[in-house]
Amino acid sequence: MKSKFLKYARVVCAVVMMLSIVTLFCDTTGIARHYLGWTVDIQFLPSISAGLIAAFVSTLVVTKLFGRIYCSVICPLGIFQDIVARLGRLTKKQKVKYSYSDEKLWMRLIIAVLFIASYLLCAYPIVGLLEPYSIFGRMATTLLAPVGRFIAEYLAASSEAAGDYTFAMPAALNYSYVMLGVALFSLVFIAILAFRGGRTYCNTICPVGTILSIFAENSVMKPVVDHDKCVKCGLCAKKCKASCIDAKNGIVDSSRCVDCMNCISVCHKGAISFSTSSDKDKTPNIIKRIKEHFGKAKKDENAPVATDESKRAFLTVGSLVVGSAMTKSMAKTFDGGLAEITEKKEPQRNDRITPPGSKSYKHIEEVCTSCGLCITACPNEVLRPSESLDSLLTPVMSFEKGYCRPECKRCSDVCPTGAISLADLAEKSATHVGHAVLIADNCISMKKGVSCGNCARHCPAGAITMAPTVNGDETSPKMPVIDSQRCIGCGACENLCPSSPYSAIYVEGHRVHRID
Amino acid sequence: MDRRDFLKRLSAATATMGLAACTSDEKTKEIIGTESKKPNGEMTYRTVPTSGDKVSLLGYGCMRLPTVQHGSAREQKDIEIDQEELNAHVDYAIAHGINYFDTSPVYCQGRSEHHMGIALKRIPRDKYFIATKLSNFAQEFWSREASIKMYHNSFKELQVDTIDYMLLHSIGGTNGEYNSTQTFEKRYIENGILDFLLEERAKGKIRHLGFSYHGDIAIFDRALAMHGKCKWDFVQIQMNYVDWLHAKEVNPANTNAEYLYAELEKRNIPAIIMEPLLGGRLASTLSFIAAKLKARRPEDSIAKWALRYLGSFPNVLTVLSGMTYMENVKENIDTYSPVEPCTEEELALLEEVAQAMLRYPSVPCTGCQYCMPCPYGINIPGIFQHYNKCINEGNVSISSQDENYAEARRAFLMGYDRAVPKLRQADHCIGCGMCKSHCPQNIDIPKEMQRIDKYVESLKQSMD
C-alpha cells in the first residue's frame with residue numbers, strides 16, 4: 001500500500017502542476033497570475049534568471065535529498081512526456097516495455113556544456129531552445145493559448161446573450177508562425193521520443209536534467225533494490241520510463257531516475273523501496289563515469305537516435321506551417337454598412353521595440369528564454385514574438401491593433417525570468433522604450449489638408465504638440481511636432497493615427513531604455 | 001468568484017421573473033381604482049402682491065398644444081392642433097384649480113393664441129387669468145406700429161377685453177448684428193413700446209406687466225433697475241434644480257437661477273417659472289439616479305420631484321408646464337394639490353442629482369445613421385447607443401467612490417468592446433467634422449466622441 005502511495009502522490013502533484021501551468025498560458029483575464037504565477041517562477045532556469053535564489057537552492061537541495069522530483073512534478077515538459085508515454089501505453093495493443101539502456105553520457109555532457117556556455121556567453125537562442133520550460137511554453141503559447149482564447153470567446157458570447165458582464169471578450173493573440181514552427185518541431189520530436197522510450201529526452205538531451213542528475217547521482221533517498229527480496233524478474237526495468245534500472249545487477253541509476261515511483265509500485269516482491277542507499281548501491285559519480293565512459297568510447301558505436309526523427313518531424317512541421325499560412329490569407333472579413341478600414345501594417349523599424357521593464361536589448365537577450373507567456377498575457381495585442389534572427393522569439397512590440405496602455409504591466413507580472421520586470425506603473429510610465437518619428441508625407445494634414453491632432457490628444461506623455469504647417473499661419477492645417485525626450489514609445493500615436501496602412505507617426509525602439 | 005457571481009445573478013433573475021409572474025395578478029386585484037390619479041386635495045395658490053390675484057401654482061403653458069397626430073404642435077409644425085383635446089385639457093385644468101394660461105403670439109407657429117381663445121371662450125372670464133407676450137423678436141416688428149398691431153391682435157385672437165398678464169418676451173437676446181442692449185432698446189425703448197404698455201396698464205387694458213428673460217444678464221439687471229419706474233408686477237425666469245447653480249454648464253449664456261430668484265425676492269417681485277423640467281431633461285433621468293429618487297419616494301415620478309422643488313420656493317408665483325398629454329396635466333395637478341415642499345435633505349439630494357446629470361448627459365442620438373459612414377470607419381451611432389445604454393442602466397459612474405463603481409466600470413468597458421470593435425471606437429475620431437452637418441439632432445459629434453473617449457480613458461486607467 002505504502003509503495004503505491006508514492007506513485008499516486010507523484011501523479012496528483014504532476015496533474016495539479018500541469019493544469020496550473022496550462023491555465024496560466026490560457027488565461028486571458030490576468031487573474032490566473034495572482035494564484036498560479038509561482039508555478040512558472042520556480043522553474044529551474046527562470047528562477048536563476050529572476051534571482052529567486054530560494055527557489056533555485058530549494059530545487060538543488062530537494063534533488064540532493066530525494067533525487068529528480070523536479071523532473072516529475074515541476075517541469076511541465078517532463079509531465080508532458082509522461083502524458084504522451086501514458087497515451088502510448090493506452091493506444092498500443094501491446095504495452096510498451098521499456099528496457100535498461102546505457103547512459104549517453106557524451107551527448108548529455110556536450111549539450112549541458114553548450115547550454116551553460118551559451119548562458120554565460122549570452123548566446124540567448126541556444127539557451128532558450130534547449131531549456132525545457134521554455135520549450136513547453138512555446139508549445140503552450142502557440143497550441144494551447146488559442147484554445148483558451150476560443151473558450152473565453154465562447155463564454156463572453158454566451159454571457160453577453162444573458163446580458164451579463166462576467167466574461168470579457170479576450171484580446172486576440174499575436175500569432176507567430178515562426179514560433180509555431182519551432183514549437184511544433186520540438187513537440188513532434190519530443191513526443192516521438194516519449195512515445196517510444198519514455199524520458200529519453202530528459203536523460204539524453206535536456207541540459208537541466210543533466211545538471212540536476214549531478215545532484216541526484218547520490219541523493220540521500222532514492223529507489224533502492226533489496227537484493228534479498230529481488231528475484232531479478234526485470235519487471236521494474238520494463239516499467240522504468242527513464243530506462244535507468246539495471247535489473248540484472250539490481251542497480252538503479254539515480255542520476256537518471258526521475259522519481260516516478262513506478263518501479264516501487266510494480267514490484268510484486270516489495271523489493272524496491274524509496275529509502276537511503278547503502279554504499280554498495282551508489283551510482284558512480286560523474287567524474288568516474290566520464291573516465292569510465294571515455295575508456296570504452298572507442299568500442300561504442302551507438303549513433304544518437306535523434307537525427308532521423310528530427311528530419312521527419314521537420315518536414316511535417318514545414319508542411320503544416322505552409323498550410324495554415326494559406327488559410328489565413330484566404331480569410332476575408334465583411335463589415336456591412338460601415339466604411340472599410342484599411343488594416344495597419346507594421347512599419348520598417350530600424351530598432352525593434354522591447355517591452356517596458358526589459359531594460360535593454362542586452363538584458364532581454366541574456367535573460368529571456370522565449371517561453372511566450374508574456375505574449376499570451378498581453379491584453380492589448382501589442383506583444384508578439386520577434387521573427388528576426390538576432391532576437392528570435394523574444395517579445396517585441398508593435399502597434400497595429402493596440403498600444404501599450406499606461407495602466408497595464410501584465411507582461412511584467414507573468415514573466416518568470418525577470419526579463420520583463422517593472423516595480424510599478426509609475427516606473428513603466430517613466431520608461432522610454434522608444435521615441436516617435438513623424439512621416440510627414442503620411443500625415444492627413446499633408447494628404448488631405450485637414451487638421452487631426454489625434455496623436456497629440458492621446459499622447460500620455462504630452463510629447464506631441466500640433467503646429468501649423470505654414471509658418472505663422474494659425475489657420476493652416478496642423479501637424480504634430482514631437483518632443484522625443486518626453487516620448488515614452490507607448491505607441492498610442494502610431495495606433496490611433498488615421499493614416500493607413502502606414503501611420504504617419506511611428507515608434508523607433510531604444511537599444512537601452514531610458515528611465516526618468 | 002466571478003463565476004459564482006454570474007450564477008448567483010442568473011438564479012436571482014429566474015427567481016424574480018417567477019415572483020413577478022405570481023404577484024402581478026394580486027396587485028391589480030388589490031389596488032384597482034387608484035390608477036386614475038385624483039388630486040389629494042386643493043390646488044396650492046400664491047398671491048400677487050400688487051393685485052391680490054390668487055394664481056394657481058401650476059400654470060398651463062401653451063407652447064406645446066396637442067395636435068391631431070397625437071404630438072406636440074411645437075415639433076409638428078404642419079399638423080393641425082387638436083382643438084377637442086385642448087378643450088378637454090382646459091376643462092380638466094379649470095375643474096382642478098388651474099387658473100393661469102400662458103401663451104404668446106409666436107407659439108405653435110402663431111396658432112397658440114387663436115386656439116387658446118377658442119378653448120377659453122367657453123369658460124367664464126373670472127375663472128382664469130390669461131398671460132401673453134409682446135413677441136416682437138423679428139426686426140419687421142420693431143417699429144411702434146407693428147408692435148402695437150401685434151399687441152392688439154392678441155386681444156382679438158384670445159377674444160378678451162383685458163389681458164391679465166403681459167410680458168416683454170424674452171429680453172436679453174441678440175438679433176443679427178445687434179447686441180443684446182441694442183436689441184432691447186430697439187424692441188422696447190426707442191419705439192416707446194414700454195411706455196405704451198405702461199399706459200395700457202394704467203388704463204386697465206393690461207392688469208399686470210412683467211418680462212421674461214433669457215440670455216445676457218446685463219439686460220436682466222437693467223430691467224430690474226427700471227423697477228422704480230415700471231413697477232414690474234412679476235418676472236418670468238428659467239429655473240429648475242439644475243439651473244439653480246449650474247446654468248452656465250447647461251448653456252454658457254445663461255445665469256444661475258439662484259441669482260435671478262434672489263434679485264426678484266429682494267424687490268418682492270413674484271417669479272413665474274419656465275423650463276421647470278429643462279426641456280424635458282428632468283422628466284426622466286439616469287436610472288441609477290432615478291433609483292435614488294425612487295428609494296426616497298417610490299411612487300413619485302422624476303418630473304414630480306422637479307415640480308415639488310420649485311413649489312418649495314415661496315416667491316414662486318406659478319410654474320409653467322407645457323402639457324401635451326392629458327396624463328401630464330393630471331399628474332402635474334396632482335403634484336400641486338397641494339404642493340408638498342422639499343425638505344432640506346431632499347433639496348440636497350436634488351443638487352446631487354443635478355451634478356450627476358451634468359457630468360453624464362446622455363447623447364440625444366436617435367440612431368438615424370445619417371452621419372454614416374464615417375470616413376475613418378468609426379461606428380458613431382454604435383458608440384452613442386452603448387454610451388446611452390450604460391447611462392440608462394446606471395453603468396456610468398459619478399466617481400470611483402460609488403458603491404457600484406467596479407461593476408459599472410466593468411459593464412461599460414466590456415460592453416464597449418462587444419458593441420463596437422476596437423478600431424471603430426471613439427478614440428479613432430480625428431474630429432474632421434464631416435458628420436456634424438448631417439446630424440438632424442445637431443449633435444456636436446466630434447465633441448461628444450472626445451468626451452466619451454475621455455470617459456473611457458478614465459475608466460481604463462482606474463483599473464487594478
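Biologist: Hi! Which strands make up the closed barrel in chain B?
Modeller: The barrel is closed and has 8 strands, in the order β3-β4-β5-β6-β7-β8-β9-β10, with parallel pairing. From one strand to the next, the twist averages 30°. Strands here are DSSP runs of E with at least two residues, helices are runs of H or I with at least four, and both are numbered from the N terminus. Two strands pair if DSSP finds at least two bridges between them.

Biologist: Where does this model come from, and how are things numbered?
Modeller: It is a predicted model, where local features need pLDDT of at least 70 and side-chain atom pairs count only at pLDDT 80 or more, while totals for chains, interfaces and linings use all residues. Residues are numbered from 1 along each chain as its sequence is written, with chains lettered from A and ligands numbered from 1 in the order in which they are written.

Biologist: New topic. Where is B:E190?
Modeller: B:E190 sits in the chain B loop between α6 (180-189) and α7 (193-203).

Biologist: Why does B:E190 count as partly exposed?
Modeller: Because B:E190 has 14 C-beta neighbours inside 10 Å. A residue is buried with 20 or more other C-beta atoms within 10 Å of its own, exposed with 12 or fewer, and partly exposed in between; C-beta atoms are placed from the backbone.

Biologist: And chain A, what's in there?
Modeller: Chain A has 24 helices and 10 strands. Of its 516 residues, 46% count as buried.

Biologist: How do α10(A) and α11(A) cross?
Modeller: Their axes come within 9 Å and cross at roughly 120°, with α11 covering residues 177-197. Axes are lines fitted to C-alpha atoms, for helices over the stretch in contact, and angles run from 0 to 180 degrees between N-to-C directions. The two helices are therefore oblique to each other; angles under 35 degrees count as roughly parallel, over 145 as roughly antiparallel, 65 to 115 as roughly perpendicular and the rest as oblique.

Biologist: Last one: how many residues of each chain take part in the contact between A and B?
Modeller: The contact takes 23 residues from chain A and 31 residues from chain B, where contact means C-beta atoms, placed from the backbone, within 7 Å. On the chain A side, α10 (132-161) and α23 (454-458) each supply at least two residues.

Methods: Contact = placed C-beta atoms within 7 Å.
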